Amino acid sequence: MIVAERVVPPRVVAAERVASEVGFKRSCSPEVGRLLRLAAAAKPYGIIAESGTGSGVGTAWLHSGLGADAVLVTVERDEDLARRAADVFTDDDRVSVLTGDWRLLERHAPFDVFFCDGGGKREDPEGVVELLAPGGVLILDDFTPSPHWPPRFCGEVDELRLFYLTHPALDATEVLTTPTSSVVVAARRL
Ligand SMILES: C[S@@+](CC[C@H](N)C(=O)[O-])C[C@H]1O[C@@H](n2cnc3c(N)ncnc32)[C@H](O)[C@@H]1O
């Protein structure tokens, strides 16, 4: 069981290689990646989206759970990264790698899964929630676990995390991915 848990999909390996070639250090962790795969697999006919492709590591994890009738759209504002990430998925027409601002995603919404990882999360949280389909799952990573309620970061209330965790249109929770990192996972109410 532990061996199966540690298997890394070949496209994730390819995207990690791209990251290494260009010195990109902000790819999601394997722990987050496995959650992304689970979320994509739970929506086999879904529209799966990601803001902030980076080198395609998160995209590749989402892709590893992608149903035959699902589609995956991701956007990256860095042209070079977007082109390199797109190369990892050229053989699969279920995947679209867009180049530009995260708002390019809007025309593909509503989303059944949205990994909001570059654009939107901080500057337009309400807009992020509006892109979710009823029952759509939102995943936000890179939080630091807090023993407090409301959650705190660097001694201050983490208003952004609080926004997502208490939004009236969402059922949301925070899940540890490692002892020192967490994700917010939320489902949009019908
Ligand atoms: C944390 S990294 C993404 C990592 C990737 N999702 C993964 O899991 O491997 C954030 C990325 O978002 C991109 N980004 C930041 N703001 C953006 C925006 N407004 N629109 C599109 N991409 C953006 C950055 O260029 C960066 O590559």
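Predicted model: local features only at pLDDT ≥ 70, side-chain atom pairs only at ≥ 80, totals over all residues.
Residues are numbered from 1 along each chain as its sequence is written, and side-chain values use heavy atoms, with hydrogens and water left out.

**Exercise 1.** Find how many residues surround the ligand and how they divide by type.

*Solution.* Start with the rule: a residue is near a molecule if one of its heavy atoms lies within 4 Å of it. The ligand has 20 such residues around it, and E50, G52, E76, W102 and D117 are the closest. Next, sort the shell: six are nonpolar, eight polar and six charged. Here Ala, Val, Leu, Ile, Met, Phe, Trp, Tyr, Cys and Pro count as nonpolar, Asp, Glu, Lys and Arg as charged, and the others, Gly among them, as polar.

**Exercise 2.** Which polar backbone atoms lie by a ligand nitrogen?

*Solution.* Use the cut-off for a polar contact, a pair of N or O atoms within 3.5 Å. A polar backbone atom of G52 is 2.6 Å from a ligand nitrogen. For R77, the distance from such a backbone atom to a ligand nitrogen is 3.3 Å.

**Exercise 3.** Is C116 buried or exposed, and what about C154?

*Solution.* Recall the limits: buried means under 20% relative accessible area, exposed over 50%, and partly exposed in between (1.4 Å probe, protein chains only). C116 has 0%, so C116 is buried. C154 has 68%, so C154 is exposed.

Key: Polar contact = N/O pair within 3.5 Å; in protein donor to acceptor, adjacent residues only side chain to side chain.
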